Amino acid sequence: MEFKCATDVFKLENGVGIPCIGFGTWQSPDDVAERAVCEAIEAGYRHIDTAAIYRNEKSVGRGIRASGVKRGDLFVTSKVWNSARGYRTTLEAFEKTLEDLQLDYLDLYLIHWPASPSRFPDWREVNLATWQALTELYKAGRIRAIGVSNFRPQHLEPLLAAEVKPMVNQIEYHPGYLQQDVMDYSRAHGLVVEAWSPLGCGRVLNDPRLETLARRLGVTTAQLALRFCLETGTLPLPKSVSAQRIRANLDVFGFEMPGDVVAAIRALPEFGFSGQDPDKVTF
């Protein structure tokens, strides 16, 4: 898979294309998200990722409108939060998200975290009820694609037998934390994998092994990590509120990553994990 610019796309099972690098808004405070989103779009991002729990959807929507770019030229994702799991509550949460974003439709809507066996005896039923709501919204044309986030194979399996299968799985993915089992399972079932925290929230950027590889290529460690995502067929969602870093994070199409560099990153021991285990989180 070769990507030459930010508007090149990953193709979903239903034919919808997602721009190959997205702008993440997690931990972007409401009072700065509008400016950051507008600057990202001005820099060339056409894919914006947010979620109800980020509590910045109103600002993200204002940033989208302030950019002056036509809605149809943008790809906008949001996610239903855990407290809204279930059929009717998910439908209500979706309406609230659209209202806050001031949009008529979403390009992608995800279940943010799975209900897991460690907390819910009826976890399969809970996830399926939430998925039924997403499916109905998708069939009604209000969402162009639907998927999940932080789902491991055991969480995905029941949904793969549904009328409409998940098209995307957004997971934590960065040098030092590759979740290869989740990657392989997702791809084997036709899902595009997106990388949240592709820079490890900064935790991996000062790693001397990555710094050495980045110097060899004449790039920053952030650019190295983001290009690694693309080289391994994963869609990165970098986040920043700094105009300089927003632009730098998009500048990952002007260099090649040799196979031995990819292999060296793949071989790194696990480090930089956020600690947010889908089977153990309590939120």
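In what order do the 8 strands of the open sheet stand? The order is β3-β4-β5-β6-β7-β8-β9-β10, and the pairing is parallel. This is a predicted model, where local features need pLDDT of at least 70, side-chain atom pairs count only at pLDDT 80 or more, and totals for chains, interfaces and linings use all residues. Residues are numbered from 1 along each chain as its sequence is written, and side-chain values use heavy atoms, leaving out hydrogens and water.

**The sheet**
- Strands here are DSSP runs of E with at least two residues, and helices are runs of H or I with at least four, numbered from the N terminus.
- Two strands pair if DSSP finds at least two bridges between them.
- β3 (23-24) and β10 (235-236) stand at the edges with a single partner strand each, so one side of each has no neighbour in the sheet.

**Around β8**
- Strand β8 (residues 168-172) pairs with strand β9 (residues 192-196) in the parallel sense over 5 bridges, and Gln 170 has Glu 194 of β9 as its bridge partner.
- β7 and β8 also pair in the parallel sense, over 2 bridges; the bridge partner of Val 148 in β8 is Asn 169.
- Because 5 of the 5 residues of β8 are buried, this strand is largely enclosed by the rest of the structure (buried means under 20% relative accessible area, with a 1.4 Å probe and protein chains only).

**Helix packing**
- Helix α2 (residues 57-67) packs on helix α3 (residues 87-101) at an angle of about 45°, with the axes 7 Å apart; axes are lines fitted to C-alpha atoms over the stretch in contact, and angles between N-to-C directions run from 0 to 180 degrees.

Notes:
Buried < 20%, exposed > 50% of the residue type's maximum accessible area, 1.4 Å probe, protein only.
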